Amino acid sequence: MHLHCLGTAGYHPSETRQTSCYFLSEAGIVLDAGSGIFRLPALIKTDHLDILLSHAHLDHIAGLTYLLDVLHERPVAEVRIWGEAEKLSAVREHLFHALVFPVELPVTWHAIDDRPRITLPTADVQWHPQEHPGGSVAYRLDLRSKENLHSTEISSNPLRVVYATDTVGSLDGRFLHWMGRPTWLLHECNFANAEAEWAEKTGHCYVDRVAKIAKASDSQNVLLTHINPLRELDPSEVENAFDRPVRIAGDKMEIRLETAAPTIAGG
């Protein structure tokens with residue numbers, strides 16, 4: 001299973017980073033739809049796409065308006081967009097208002113509110129609310145192997161990915177239990193430790209906070225996402241904070257997700 005980092009910045013693009021978008025190519029699953037989604041066509045391997053939205057802030061949804069070209073370059077049979085009902089309604093009413101974007105997308109919209117578990121063709125997905133202005137959700141994905149694609153049973157030792165972005169970062173025991181010792185924790189880290197107070201005020205996370213979450217959840221590997229477009233994280237600060245494998249996400253980085261040491265290219 002490969003994870004492609006298509007956009008790794010928060011708030012707005014920079015010279016080196018587009019905004020939030022991550023792609024599990026063999027699974028056909030897109031995590032958020034920031035500006036980085038324009039890089040999607042060459043990487044699509046499935047006849048479907050499932051786009052999981054964490055919330056409706058512009059740096060996570062603006063790329064939905066790029067889907068016409070994405071699907072023109074690489075057609076697929078079905079595109080499903082998932083998120084909380086209120087957030088989907090806001091996206092459809094405002095981002096796709098006729099005066100803003102006058103063409104209807106060839107997609108279907110699916111609210112997750114009454115679905116504690118979502119069964120996709122390549123993964124079982126659960127979600128959990130997070131603290132952030134306007135609210136956001138984290139996703140937990142239990143990915144099925146090629147040999148197990150048609151099974152509805154979750155493996156006793158799944159490749160588990162938790163995607164938690166735009167959040168102050170929770171150390172609540174119920175949330176940590178829900179995470180279920182992920183193989184990979186993709187967690188936002190918009191700020192350095194020196195900006196911890198500002199992170200909390202804006203509903204974001206900082207290095208030491210993510211390190212505590214990774215340790216408390218017993219995550220095997222950590223990828224820091226949603227990087228501040230104005231200031232890169234200090235690799236030495238990150239390395240000193242974590243007691244387990246950790247990487248700072250970079251645009252065009254490709255990670256082969258494994259339970260052992262990962263294979264990483266680009267970025």
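Let's start with the strands: β4 (residues 48–52) and β5 run parallel and are joined by five bridges, where strands count as paired if DSSP finds at least two bridges between them. Strands (E, at least two residues) and helices (H or I, at least four) are DSSP runs, numbered from the N terminus. Everything here comes from a predicted model, in which local features need pLDDT of at least 70 and side-chain atom pairs count only at pLDDT 80 or more, while totals for chains, interfaces and linings use all residues. Residues are numbered from 1 along each chain as its sequence is written, and side-chain values use heavy atoms, with hydrogens and water left out.

How much of β5 is buried? Five of its six residues are, so to speak, under cover, with buried meaning under 20% relative accessible area, exposed over 50% and partly exposed in between (1.4 Å probe, protein chains only).

Helix α3 (residues 85–95) has Lys87, Leu88, Val91 and Leu95 as its buried residues. They sit on the same side of α3, because they cover an arc of only 100 degrees around the axis, taken from the directions from the helix axis to the C-beta atoms. These buried residues pack against α1 (58–61), β5 (78–83), β6 (108–111) and β9.

Now for the cores. A nonpolar core is a set of buried Ala, Val, Leu, Ile, Met, Phe, Trp, Tyr and Cys residues joined through side-chain atoms within 4.5 Å. The largest one has 29 residues, and Ile29, Tyr139 and Leu223 touch the most other members. Among the elements giving two or more residues to this core are β1 (2–7), β8 (123–130) and β9 (136–143), and β9 contributes the largest share, four residues. A second, separate core of 27 residues includes Ile51, Val91, Leu95 and Phe101.

Rings of Phe, Tyr and Trp (its six-membered ring) pair if their centres lie within 6.5 Å; planes under 30 degrees apart are stacked, over 60 edge-to-face and the rest tilted. Two of the pairs look like this:

| Pair | Centre to centre | Angle between planes | Type |
|---|---|---|---|
| Phe96 and Phe101 | 5.3 Å | 90 degrees | edge-to-face |
| Phe175 and Trp178 | 5.5 Å | 25 degrees | stacked |

Finally, some loop residues. Arg144, in the loop between β9 and β10, is buried, with a relative accessible area of 7%. Its side chain makes a polar contact with the side chain of Asp124 (2.7 Å); that term means a pair of N or O atoms within 3.5 Å, where within protein one must be able to donate a hydrogen and the other to accept it, and residues adjacent in sequence count only if both atoms are side-chain atoms.

Most residues other than glycine have a negative phi. Arg181, though not a glycine, has a positive phi of about 50 degrees, and His226, also not a glycine, has one of about 55 degrees. Arg181 lies in the loop between α4 and β11 and is exposed at 58% relative accessibility. His226, in the loop between β12 (221–225) and α7 (235–241), is buried at 1%.

Conventions. Contact = heavy atoms within 4.5 Å.
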